[in-house]
Amino acid sequence: MSKTSSLLTGAAFGLTLAVAAHAADVKNIAIITMNDTPQLLEVKEGLMAGLAAHGYAEGKNLNVNFKSAQGNFGTAQQIVRQFIGENPDVIVTITTPTSQAAIAATKDIPIIFTTVTDPLKSKLVTQEKHPGGNASGISDLVPTELQLNIVKEIVPNLKTLGLVYDPSLDNARSTVESIKAIAPKMGFAIVESPAMGINNVPSAGQALVGKVDAIFVPNDTTVYGAFESLVKVAQDGKVPIFTAERRSVQRGAVATVGFDFKDMGKRTADMVDKVLKGTKPGDMDIQYMKDLPNSLALYINKDSAEKMGVKLPPDLLKRAAQVF
Amino acid sequence: MSLYAFTGAIETGLAFALVALGAYLTFKVLDFPDLTVEGSFPLGASVAAKLMVSGVDPWTATLIATFAGCLAGFATAFLNLKLRILHILAGILTAIALYSVNLRIMDRPNIGLINMTTVYTPIERLGVPSLYAPVVLLAIIVVIAKILIDLFLGTGVGLAMRAAGANPRMAQANGIRVGRMIVIGLGIANGLTAMSGALFAQMLGAADVSMGIGVIVVALAAVIGGTALMPSRLVPMLTLACVLGSILYRIALALALSTGAIGLTASDVNVVTAVLVAIALWLPVRRSAFVKRLGR
């Protein structure tokens, strides 16, 4: 072997070592979402902000591969396979179907799921405490009873509550089921108005005008996608609308006790950080967003209340974390 | 593209190849653009998933799902033949009705199938790694389905179906009952589609009511793209072209998903799909123009 070539080999070896050492400091995370709805993108935004707060800077010590299946299940399946091939340090799955696809496809790569309502029923995990396996995450189950209490506080003579939701969404459906279960106890009847697809949201709202004292919308990406149209219907018909998260109140709902989706993304980042530091997802309990400290707050939209013809009790306004 | 991404493309392509074979029967042979598949695909998934969580073994569940798909095809044929509703509209009507039907069947929008015994489990028990098991089984099923369709189109009924699609008036004049051919064709096509849905759900780990979104585009992309790349007059070559078209479509999508390469981002996937289909549609036009120029 000539001197130059051995020198070159040595240099190449040194370079490889340097690259390897560098690569060890860089974490790779892969994120998949089923859809690009504003709510889900807020979760992703919060996740990125949370990771930054934990000291991960994208492009420096963090590589992020973010993909949306754009509603297509075949694409979701392929994205998951692609992620597995890239062998990232952790896969973050936003929504129930993408979480199912990832968990069905790999038993090795750590998975943190988020924006899933019922991790047990969706078969993501078999138990909440120490789920075992390679997956854990955060549920967006809403504090339904607290939210309905606010509705009753603002509409004291509530006899009939209308529900606008997309029955094809697992998350929305389970909220509706839990409302149905507690409605008799709280003393009001339920009228369901399904909105299959974003174009049917306004007509689903119109169908309730005159029949109900208030409308409640669960965490439903379809309805939130066309939320302004529902607000307009409610203003015209003088029916107050209540929702399950912060931003929809900013967009025109009267009030909610709920959490912020960006905040949920940040809490997801906390779990991701633990995994990146070596904790196994199987040792991390499933978290419920509504039970986490400081996750819930009261949000009120004064202007909307006026337009929808309801009076806000003064002490309620005092308790609010934010009045739009 | 990694090996995993590549096998992922192959297995998804194989699963959807059954839909493509069905679309070949309706779209190419019968000249009947059938949109029922957007409903019969999730129907197959829903029926199989519901039966599986109720304790039925996965093979029986998949078979019953396939028959449910045939019924969906019959429904579209009924709307078209008896109620005289335009073929495209008849398919759309069945598909949107099936959306509600699927919600009823599952009683919720999503049934998880993770860690359940599926049709792929026996293959895994043979020692095939779980990531490759679907490819092996799907390849066998697709080859069998392809050969059966080839044989079927050579039988008396099959030839009658081809005649009914090529020239309905002439076929009718020769004593072929065109309506019956449409019923049979739609039944087989949607049975294959539902089987595909059932097999895909078991691979994905869930059946979901929204699974049908985009199925028709994928099926047509496979049929049109495949037959454009491999033009032929022979049925066995054309069905092979549909299967390969389905796989090639997925490989192209996998390439599109490998972002960074040509500045594509996550949100560009659908436009890539549309461009691929448009190119496939344009290829035959260009080829015939080229041939014409040579002839001059």
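Me: Two strands pair if DSSP finds at least two bridges between them. Going by that, what is the order of the open sheet of six strands in chain A?

Reply: The order is S2-S1-S3-S4-S5-S11 in chain A, and the pairing is parallel. Helices (H or I, at least four residues) and strands (E, at least two) are DSSP runs numbered from the N terminus. This is a predicted model, in which local features need pLDDT of at least 70 and side-chain atom pairs count only at pLDDT 80 or more, while totals for chains, interfaces and linings use all residues. Residues are numbered from 1 along each chain as its sequence is written, with chains lettered from A and ligands numbered from 1 in the order in which they are written.

Me: Which strands stand at the edges?

Reply: Strand S2 (62-68) and strand S11 (287-288) of chain A. Each has a single partner strand, so one side of each is left without a neighbour in the sheet.

Me: How many bridges hold S5(A) to S11(A)?

Reply: Two, in the parallel sense, with S5(A) covering residues 135-139. Ser139(A) stands opposite Tyr288(A), and Ile138(A) stands opposite Gln287(A).

Me: And how many bridges between S4(A) and S5(A)?

Reply: Four bridges, also parallel. Ile111(A) stands opposite Ala135(A) of S5(A). In general, the strands of a sheet pair through backbone hydrogen bonds, either parallel or antiparallel.

Me: Is S5(A) mostly covered or mostly open?

Reply: Mostly covered, as five of its five residues are buried. A residue is buried if 20 or more other C-beta atoms lie within 10 Å of its own, exposed if 12 or fewer, and partly exposed in between, with C-beta atoms placed from the backbone.

Me: Which strands does H2(A) lie across?

Reply: Helix H2 (residues 38-53) of chain A lies across S1 (27-33), S2, S3 (90-94) and S4 (111-116) of chain A, running at about 150 degrees to S3(A). Axes are lines fitted to C-alpha atoms, for helices over the stretch in contact, and angles run from 0 to 180 degrees between N-to-C directions.

Me: Domains next. How is chain A divided?

Reply: Domain 1 is 3-140 + 262-291 and domain 2 is 144-258 + 296-323. The bounds come from an automatic or database domain assignment. The C-alpha centres of the two domains of chain A lie 33 Å apart.

Me: How many residues of domain 1 of chain A are in contact with domain 2 of chain A?

Reply: Eleven, against eight residues of domain 2 of chain A. Two residues are in contact if their C-beta atoms, placed from the backbone, lie within 7 Å. H2(A) gives the most to the domain 1 side, with three residues. That side divides into two nonpolar, six polar and three charged residues. Ala, Val, Leu, Ile, Met, Phe, Trp, Tyr, Cys and Pro count as nonpolar, Asp, Glu, Lys and Arg as charged, and the others, Gly among them, as polar.

Me: Switching to chain B. How many helices and strands are there?

Reply: Twelve helices and two strands. The radius of gyration of chain B is 19 Å, close to the 19 Å that the globule rule gives for 296 residues, so chain B is as compact as a globular protein of that length. That radius is taken over C-alpha atoms, and the rule is 2.2 Å times the number of residues to the power 0.38. Of the 296 residues of chain B, 53% count as buried.

Me: How many residues does the contact take from chain B and from chain A?

Reply: 35 from chain B and 32 from chain A. H1(B) gives the most to the chain B side, with eight residues. The chain B side divides into 20 nonpolar, twelve polar and three charged residues.
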